[in-house]
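Subject: Structure for you to look over

Hello,

I am passing on the structure below. My notes on it follow.

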Amino acid sequence: MVRDFSAEMVDEASLTMLLDAARRAPSAGNTQGTDLLVLEGRECEAYWEVTLGAERRTTFRWPGLLVAPVLCVVLVDPTAYVQRYSEPDKRHSGLGVDEAAWPVPYWFVDAGAAAEAILLGATASGLGACLFGLFDHERAVLERFDVPAHYRGVCTIAIGHPGDDARASRSTLRTKRSLESVVHRGRW
Ligand SMILES: Cc1cc2nc3c(=O)[nH]c(=O)nc-3n(C[C@H](O)[C@H](O)[C@H](O)COP(=O)(O)O)c2cc1C
């Protein structure tokens, strides 16, 4: 994750490549229930106005995050999944009844896969990206940008050219777990 950006724009072809990678991410039942709200320029400013008041912005720990030229809000439509799984080839799963029937809500899994495609694509093309949550601003952001009310806002990804201030966040200071501690071959 990059939390400090230069003001340099992301060229349109690179941005389209990242967004298209997200479009082609895997999805349960090929539901494709993920949408991308892409904000630039004054729209980014409006995003920060909703999520981080002017007062808080003056003391925000990551001022370089606020200049990212692109913000991509990853949205999902849970109702599309319920609808898809009520179709004849999926009806036997019982997941077409309602959202509560899903032991694992695959719309969030699919949003994660789409987000990862953007993160990997950004890194591979020399750009920087940072995924962060909407937390208690989810509804306000969706309303501000006219997203239909049945969508969920899963996360926002800042995209741009990395700046010079590559300070680690507190989370980043946690070392990565070793491969041996993560992988359980054959049994736990
Ligand atoms: C679901 C999710 C939520 C995250 N939320 C935030 C966040 O709100 N703010 C932030 O600075 N980083 C956030 N991160 C980034 C993590 O802190 C980061 O991935 C982790 O520290 C590992 O660092 P690396 O991705 O640079 O290897 C989030 C990552 C994920 C996957």
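Helices (H or I, at least four residues) and strands (E, at least two) are DSSP runs here, numbered from the N terminus. This is a predicted model, in which local features need pLDDT of at least 70 and side-chain atom pairs count only at pLDDT 80 or more, while totals for chains, interfaces and linings use all residues. Residues are numbered from 1 along each chain as its sequence is written.

Helix 5 itself has 19 residues, which at 1.5 Å a residue should span 27 Å, and its end C-alpha atoms are 27 Å apart, in agreement. The expected span is 1.5 Å times one less than the number of residues. Among the buried residues of helix 5 are Tyr 106, Trp 107, Asp 110 and Ile 118. Buried means that 20 or more other C-beta atoms lie within 10 Å of the residue's own; exposed means 12 or fewer, and partly exposed is in between, with C-beta atoms placed from the backbone. The buried residues of helix 5 pack against helix 1, strand 1, strand 2, helix 4, strand 3 and strand 4. Packing rests on contacts, that is, C-beta atoms within 7 Å.

In helix 1, Leu 15, Leu 18 and Ala 22 are buried. Seen down the helix axis, the buried residues of helix 1 fall within an arc of 65°, so they line one face; the arc is that of the directions from the axis to the C-beta atoms. Glu 12, Ala 13, Thr 16 and Asp 20 are exposed on the face turned away from that buried side. The partners of the buried residues in helix 1 are strand 1, strand 2, helix 5 and strand 4.

The residues around the ligand include Met 1, Arg 3, Cys 155 and Ser 169; a residue belongs there if its C-beta atom, placed from the backbone, lies within 6 Å of the ligand. Strand 3 gives the most to this shell, with three residues.

Arg 42 is in helix 2 and counts as exposed because it has 8 C-beta neighbours inside 10 Å. Arg 42 and Pro 69 are 27 residues apart in sequence, with their C-alpha atoms 9.7 Å apart in space.

As for the chain overall, it has seven helices and four strands. Of its 188 residues, 30% count as buried. Its C-alpha trace spans about 55 × 45 × 35 Å along the principal axes.

Regards

Technical notes. Two residues are in contact if their C-beta atoms, placed from the backbone, lie within 7 Å.
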